[in-house]
Amino acid sequence: MNAQQRTRTAVTHRVVILGAGYAGMAAAVQLAARTRKHRDTVRVTVVNAQERFTERMRLHMTATGRTPDVMSVPEMLEGTGAHFVQGWVTAVDAGARTVRIDDDRVLPYDTLVYALGGHADTSAVPGADDHAYTLSGVQDAELLAGRLEALGNGSGGGTVVVVGSGLTGIESAAEIAERYPRLDVVLLGGKEPGATMNDRAAAHVRAALDRLGVQVRCGVEVVKVLAGSVELADGASIAADAVLWTGGTRVAPLAAAAGLEVDEHGRVVTDRALRSVSHPEVYAVGDAAAIRQGYGVMHGTCQGGMPTGVHAALSIFRVLGGKEPKPFRFGYYHTPVSLGRGDAVVQFTRPDDSPRRICLVGPMAVRYKETVTASPWPTYGRMKKMPASGAFWPRGGRFTR
């Protein structure tokens, strides 16, 4: 080997992955596994605020005092060759291709995977940021758990208002009502719970909430959150000893501040290969990305997030090998919703997320939901040994062509 060849071999392509959620971990494990034989030329670094992996699909359980297993991101990355950096991402300089960590460390990159996810959006309604709890992370869920424990086991009881009648709101209201039957749980939302499901599944959701004593108020809009109540657009006020905000998500402003092209929600706009349309050396995955398919822009779910992470890794691997990345295609296939520990609904969907006629309810749905919720971590483990095992998901057929 001559001097020029040795110099070329020593050059490392630096891939930095921001965020170790469902999508970020999928990208990290998949890419590290596929580049294991190229560690001298490809360096994969994962940046996350904490070592613990957040099971977002269990946060409504954490909020009621149920302690999930602690899963370590560094331990999962062991043996892959990926490097873990713990810290908060405070800035991205897309021009210089650097990332600032905790304001005092700088990581350079050649390729960036932006997977910082989303958080509950409490910015639009006065008082929500100050007085409402969220399920944006484990610490937020544990804060709510402490409050619910004090209310539920106290002598005076109390009222818990859950704002948002989407899937997170439904699961949270059911979980709280089942765990603390002495508390009054009120679910507020613009739409009927289960509005996106077929008639049978929606009816089961409503019956379960009624059985658990959840008071459902639809067609309402919360305009203000106070220390002890929420105010509605019609002038009504509902007393609340605790408010859980599940209505909508937002993403960190880092991408917009870096000059990446973003949509009206701050998500990175991507091309068909999941590259930023303004900065092709940046890939965006999961909740932080505005990924367009034939049926519209994808919404944030684990079932879609993990495939975006895997596809980004595959795209990077192809580019490193001198090939063009392939377009990403994904079709939804189910909507599992827990209704406490002993009940659930699984709505099977078309690739565009519209409901099919088939659904599961009751114990069978509970088993299905738990299998889905528990699946990401062992999936990462399999990908470490067999990366191709993570590259299978519904492509959506005619819906995404």
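Residues are numbered from 1 along each chain as its sequence is written, and side-chain values use heavy atoms, with hydrogens and water left out. Because the model is predicted, local features need pLDDT of at least 70 and side-chain atom pairs count only at pLDDT 80 or more, whereas totals for chains, interfaces and linings use all residues.

The second largest pocket holds about 410 Å³ of space. A pocket is an open set of points on a 1 Å grid over the protein atoms alone, with protein on both sides within 12 Å along at least five of seven lines, and lining residues have an atom within 4 Å of a point. Volume is the space filled by probe spheres set on the points, which are joined across faces, edges and corners. The lining comprises 21 residues, and Arg34, Leu314, Ser315, Phe317 and Arg318 lie nearest the centre of this pocket. Helix H10 (residues 302-320) gives the most to the lining, with 6 residues; helices (H or I, at least four residues) and strands (E, at least two) are DSSP runs numbered from the N terminus. By class, the lining has 8 nonpolar, 7 polar and 6 charged residues. Here Ala, Val, Leu, Ile, Met, Phe, Trp, Tyr, Cys and Pro count as nonpolar, Asp, Glu, Lys and Arg as charged, and the others, Gly among them, as polar.

The structure also holds 1 cavity of 30 Å³ or more, a cavity being a set of grid points where a 1.4 Å probe fits but cannot get out. The largest cavity has a volume of about 40 Å³. Its lining consists of Arg52, Phe53, Glu55, Leu59, Thr62, Pro68, Asp69 and Val138, which divide by class into 4 nonpolar, 1 polar and 3 charged residues.

A search of the whole structure finds 13 salt bridges, each a side-chain nitrogen of Lys or Arg within 4 Å of a carboxyl oxygen of Asp or Glu. One of them joins Arg97 and Glu281, with the closest N and O atoms 3.7 Å apart. This pair links distant parts of the chain, 184 residues apart: Arg97 is in the loop between strands S4 (89-93) and S5 (98-101), and Glu281 is in the loop between strands S17 (268-269) and S18 (282-284).
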